[in-house]
There are 2 protein chains.
Amino acid sequence: MKNLLVAQSGGPTTAINATLAGVLHGARQSGKVGTVYGGLHGIQGILQQKLVNLSAAFATEEELQRLKVTPAAILGSCRYKLPTPQADEAVYKAIVEILQANNIGVFVYIGGNDSMDTVAKLSAYFKQNKVDIAVMGAPKTIDNDLCETDHTPGFGSAAKYVAFTFAELVRDCHVYPVASVTVVEVMGRDAGWLTASAALANVADKGPDFICLPEHPFNEEAFLQKLAAPLQQHRPVVVAVSEGIKTATGAYVGEQSANATDAFGHKQLAGVGQYLEKRIKERYGCKVRSVQLNLMQRCAAHLASATDLNEAFELGSTAALAGAQGTTGQMACIQRLSNTPYTVSYQTTPVEKVANQVKHVPKEWITPDGSGVTQEMIDYLLPLVQGHVEPVMENGLPSYAPLFY
Amino acid sequence: MKNLLVAQSGGPTTAINATLAGVLHGARQSGKVGTVYGGLHGIQGILQQKLVNLSAAFATEEELQRLKVTPAAILGSCRYKLPTPQADEAVYKAIVEILQANNIGVFVYIGGNDSMDTVAKLSAYFKQNKVDIAVMGAPKTIDNDLCETDHTPGFGSAAKYVAFTFAELVRDCHVYPVASVTVVEVMGRDAGWLTASAALANVADKGPDFICLPEHPFNEEAFLQKLAAPLQQHRPVVVAVSEGIKTATGAYVGEQSANATDAFGHKQLAGVGQYLEKRIKERYGCKVRSVQLNLMQRCAAHLASATDLNEAFELGSTAALAGAQGTTGQMACIQRLSNTPYTVSYQTTPVEKVANQVKHVPKEWITPDGSGVTQEMIDYLLPLVQGHVEPVMENGLPSYAPLFY
């Protein structure tokens with residue numbers, strides 16, 4: 001019986017270890033996999049032969065459950081762009097050698113669109129060179145920008161963090177009866193899905209006043225003018241901005257502040273939040289703050305969505321099962337069957353359709369003036385943030401699965 | 001039967017509405033209070049006669065429970081320094097008139113050390129002028145810097161947020177096997193209690209490598225040198241810094257960056273996190289990030305400590321009961337009786353001992369080199385973050401008590 005190798009790549013998320021747990025589960029269910037090995041730090045660590053025995057480390061259901069609720073990538077990650085075989089075939093030969101030396105029959109790579117590029121290249125090379133190793137992708141990204149899947153694992157938990165945090169921030173920002181603006185910067189260079197999730201704060205309470213996504217060209221003057229009315233009424237304003245909002249000419253808004261220099265004459269690359277903070281202060285002279293949700297939004301395991309972790313697990317399992325049955329060059333994906341009740345099915349899709357592509361927010365889900373999202377967006381998002389996950393705790397504090405690196 | 005007036009002041013917290021709920025509960029328990037009124041936006045709104053009927057708004061146990069788990073100040077807040085009677089007696093006369101017009105027999109003010117200054121001044125003035133209104137304080141601050149109470153409501157929940165968030169951030173920062181530094185800035189201008197809570201992340205998993213508090217003079221050169229060893233070993237480093245760390249001469253470290261100018265020639269007041277980010281980058285040229293926990297740390301109701309909310313409730317109740325029995329010029333406070341099992345008693349203390357004072361972290365609870373905290377600190381903090389609070393939800397999203405303003 002051949003073994004399975006799994007690795008994690010790209011930015012960590014709350015759900016990427018749930019997918020890993022799913023891979024372990026799927027490999028066991030298949031009845032066709034011997035040992036499951038984990039490659040440390042993605043393809044980069046595999047090239048350094050850094051393999052660990054995951055079957056032994058997560059032998060019990062309890063250990064698997066703890067892995068499922070552990071944030072960030074337990075195997076470590078990398079940002080490594082696999083060259084084409086034409087550019088550097090030696091890398092491919094090295095990978096084949098290491099995989100064959102460990103009797104690997106299936107390789108599952110968990111990651112975003114860059115990682116799916118790796119899956120596409122490796123599976124094509126293996127096919128061409130008659131290397132009998134199935135290569136499968138399992139999706140992961142808080143950005144939710146992968147094509148061919150209704151949504152991506154990690155997104156639902158990040159969206160839940162954004163929704164809850166905006167509900168709390170709006171309450172916090174409203175306590176003083178003075179004109180003020182709070183600009184909250186959310187991750188997403190190219191796609192606005194996560195920033196759009198701020199609108200969920202409106203479902204049961206009160207959310208941000210304006211939501212600005214990268215998909216809608218940002219008109220600074222129009223934006224500043226929209227603040228005038230609430231500020232004249234001495235109302236606090238809360239704005240959700242995606243880090244990737246762009247002007248009509250396609251320049252990142254945050255980059256406009258790149259001319260700023262510090263005391264040492266160095267260029268300062270402030271984010272879009274800090275940039276807008278300055279512009280609003282100049283225009284209105286009122287109290288202005290910028291807040292970055294920063295790394296917290298992608299690793300807040302304490303606020304994970306149960307729906308997200310369960311789906312992440314199922315996708316890992318789907319990828320492992322399909323690989324064990326000989327499927328290669330495919331990514332596990334989610335098809336949404338219905339919103340009420342929320343039902344999905346798990347499929348696989350050719351990885352070339354996913355690699356290096358970006359799924360943007362549809363223009364119809366953004367309000368015409370670009371300062372909010374439609375009910376369709378809310379209906380899409382709402383099922384993804386459902387369900388409380390109880391973290392594994394010790395003395396009332398989080399106790400995660402042990403690290404391998 | 002006379003009525004009770006309650007108001008909230010200073011920065012919002014996760015627990016300040018739990019104290020308000022406790023005031024309502026205590027007033028009912030006393031059998032000596034008619035209607036409970038809330039003053040909007042602290043003493044400032046009271047002076048504008050902005051009073052609402054809380055007894056009617058929170059008539060049921062269910063409504064009271066929802067209020068208890070709602071973050072930020074439901075009555076709104078203010079930052080208003082009451083002048084002395086010598087400077088402006090008219091303000092006092094106006095307050096007396098408004099309170100008497102509403103048949104108020106007890107006034108409870110929920111806030112930090114500035115608010116306790118208001119309680120001290122008002123109660124002294126009322127005594128001197130034979131105004132038969134009891135004035136009581138109920139403590140509140142995430143900074144935990146009030147004297148005469150073992151700890152303050154709002155702190156336990158903020159500390160829990162800091163502990164969980166550091167556990168998650170450390171996991172996130174470790175996924176790439178490269179030298180990197182993440183500087184996480186935590187609130188606390190004068191006292192390091194909240195920053196010290198980052199050490200709790202170590203209890204069940206892994207916390208920050210260095211913890212820098214305002215109570216220990218910050219030696220920049222020594223700090224930079226401590227980073228050398230882990231960075232040479234290509235290890236990610238996570239640092240918790242209090243926003244208020246100071247040099248040996250007492251200058252805020254963050255203020256040293258005040259010479260920076262932006263593209264418009266304006267001074268930039270970057271925080272200490274951004275300042276250290278630049279200095280570390282200059283010295284080591286490695287990947288450096290700064291993260292601010294910002295407003296999230298004071299309003300994260302989704303991660304509230306049950307211990308904190310229950311104690312906040314009891315302190316509100318204690319203040320209301322004592323006021324109804326004629327006690328005046330006192331603040332409700334917590335006395336810790338034992339750590340294991342954790343037991344406390346609720347008392348009152350003369351408010352003059354609290355007003356305008358700051359309770360610092362004891363020097364003995366900081367490691368001699370100023371880069372961490374001792375086991376005594378962990379033992380002190382651990383009971384305060386215990387217990388999960390289920391938020392009131394609607395469609396899986398937080399549904400808070402309605403706002404009055």
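1. In this predicted model, the buried residues of helix 10 of chain B are Glu220(B), Phe223(B), Leu224(B), Leu227(B), Pro230(B) and Leu231(B). They sit on the same side of helix 10 of chain B, because the arc they cover around the axis is only 115°. An α-helix has 3.6 residues a turn, so residues three or four places apart point the same way. Gln225(B) and Gln232(B), on the other side of helix 10 of chain B, are exposed.

2. The partners of that buried face can be listed. The buried residues of helix 10 of chain B pack against strand 6 (180-186), strand 7 (210-212) and strand 8 (236-242), and also against helix 11 (272-284), of chain B.

3. As to its length and ends, helix 10 of chain B spans residues 220-232, 13 residues in total. From first to last C-alpha, helix 10 of chain B reaches 19 Å, close to the 18 Å expected at 1.5 Å a residue. The N-terminal end of helix 10 of chain B is capped by Asn219(B), with a side-chain oxygen 3.1 Å from the backbone nitrogen of Glu221(B). After helix 10 of chain B comes His234(B), which has a positive phi, near 55°.

4. The largest cavity has a volume of about 170 Å³. Its lining comprises 16 residues, and those nearest the centre of the largest cavity are His302(A), His388(A), His302(B), Leu303(B) and His388(B). Helix 7 (155-173) of chain A and helix 7 (155-173) of chain B are the elements that give two or more residues to this lining.

5. On open space, the second largest pocket has a volume of about 230 Å³. It is lined by 17 residues, of which Gly105(A), Asp132(A), Ile133(A), Ala134(A) and Gly326(A) are the closest to its centre. At least two lining residues of the second largest pocket come from each of strand 4 (104-111), helix 6 (113-128) and helix 13 (306-324) of chain A. Helix 6 of chain A gives the most, with three residues.

6. Thr374(A) lies in the loop between strand 11 (342-350) and helix 14 (375-381) of chain A. Thr374(A) counts as buried because its relative accessibility is 17%, and the cut-off is under 20%. The side chain of Thr374(A) makes a polar contact of 3.0 Å with that of Glu376(A). Leaving aside residues up to four places away in sequence, Thr374(A) touches Glu364(A), Trp365(A), Ile366(A) and Thr367(A).

Note on methods: Residues numbered from 1 in each chain as written. Chains lettered and ligands numbered in written order. Predicted model: local features only at pLDDT ≥ 70, side-chain atom pairs only at ≥ 80, totals over all residues. Heavy atoms only, no water. Helix = DSSP H or I, 4+ residues; strand = E, 2+ residues; numbered from the N terminus. Expected span 1.5 Å × (residues − 1). Buried < 20%, exposed > 50% of the residue type's maximum accessible area, 1.4 Å probe, protein only. Arc of directions from axis to C-beta. Contact = heavy atoms within 4.5 Å. Polar contact = N/O pair within 3.5 Å; in protein donor to acceptor, adjacent residues only side chain to side chain. 1 Å grid on protein atoms, 1.4 Å probe; cavity = no way out; pocket = protein on both sides within 12 Å on 5 of 7 lines; lining within 4 Å. Points joined across faces, edges and corners; volume = space filled by probe spheres on them.
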